[in-house]
Amino acid sequence: MRSVPIEHSTKAWAIGESWQVGQQCAMFDQRTLKVHVYLCVRTHYSSPDTVPIHQGNSAYWQYVGRG
């Protein structure tokens, strides 16, 4: 069971977006054809350095699950 519910309307991750703690983002995995959802754990603007990482958590994102 997830400790964080996946929101009904989750914004897709894109460069240049403003992210606040608690917001969720979605990323489509072309390899598996699944959508992965992440929770923002640190306020930031998205850049190539802040891309959510599926295998493990980053300084900006926590993996929630598949949406």
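Reader: What does cysteine 40 touch, not counting residues up to four places away in sequence?

Author: Cysteine 40 touches Trp19, Gln20, Val21, Gly22, Gln23, Tyr60 and Trp61, leaving out residues up to four places away in sequence. Contact here means heavy atoms within 4.5 Å. Bear in mind that this is a predicted model, where local features need pLDDT of at least 70, side-chain atom pairs count only at pLDDT 80 or more, and totals for chains, interfaces and linings use all residues. Residues are numbered from 1 along each chain as its sequence is written, and side-chain values use heavy atoms, with hydrogens and water left out.

Reader: Which residues make up the largest nonpolar core?

Author: There are 6 residues in all: Trp13, Trp19, Cys25, Tyr38, Cys40 and Trp61. To be called a nonpolar core, a set needs buried Ala, Val, Leu, Ile, Met, Phe, Trp, Tyr and Cys residues joined through side-chain atoms within 4.5 Å. In soluble globular proteins, nonpolar side chains tend to be buried together.

Reader: Why is threonine 50 called buried?

Author: Its relative accessibility is 5%, and buried means under 20% relative accessible area (exposed is over 50%, partly exposed in between; 1.4 Å probe, protein chains only). So threonine 50 counts as buried. Threonine 50 sits in the loop between strand 5 and strand 6, and it touches Trp13, His44, Tyr45, Tyr60 and Trp61, again leaving out residues up to four places away in sequence.

Reader: And why does serine 58 count as partly exposed?

Author: Serine 58 has a relative accessible area of 22%, so partly exposed is the label. Its side chain reaches the backbone nitrogen of tyrosine 60 at 3.2 Å and that of tryptophan 61 at 3.1 Å.

Reader: What makes lysine 11 and glutamate 17 a salt bridge?

Author: Their closest N and O atoms are 3.3 Å apart. The label asks for a side-chain nitrogen of Lys or Arg within 4 Å of a carboxyl oxygen of Asp or Glu, so the pair of lysine 11 and glutamate 17 qualifies. A search of the whole structure finds 1 salt bridge. Lysine 11, at 33%, is partly exposed, and glutamate 17, at 29%, counts as partly exposed too.

Reader: Why is leucine 33 called exposed?

Author: Leucine 33 comes in at 61% relative accessibility, so it counts as exposed. Leucine 33 lies in the loop between strand 3 and strand 4, and has a positive phi of about 60° although it is not a glycine.

Definitions and conventions
Helix = DSSP H or I, 4+ residues; strand = E, 2+ residues; numbered from the N terminus. Polar contact = N/O pair within 3.5 Å; in protein donor to acceptor, adjacent residues only side chain to side chain.
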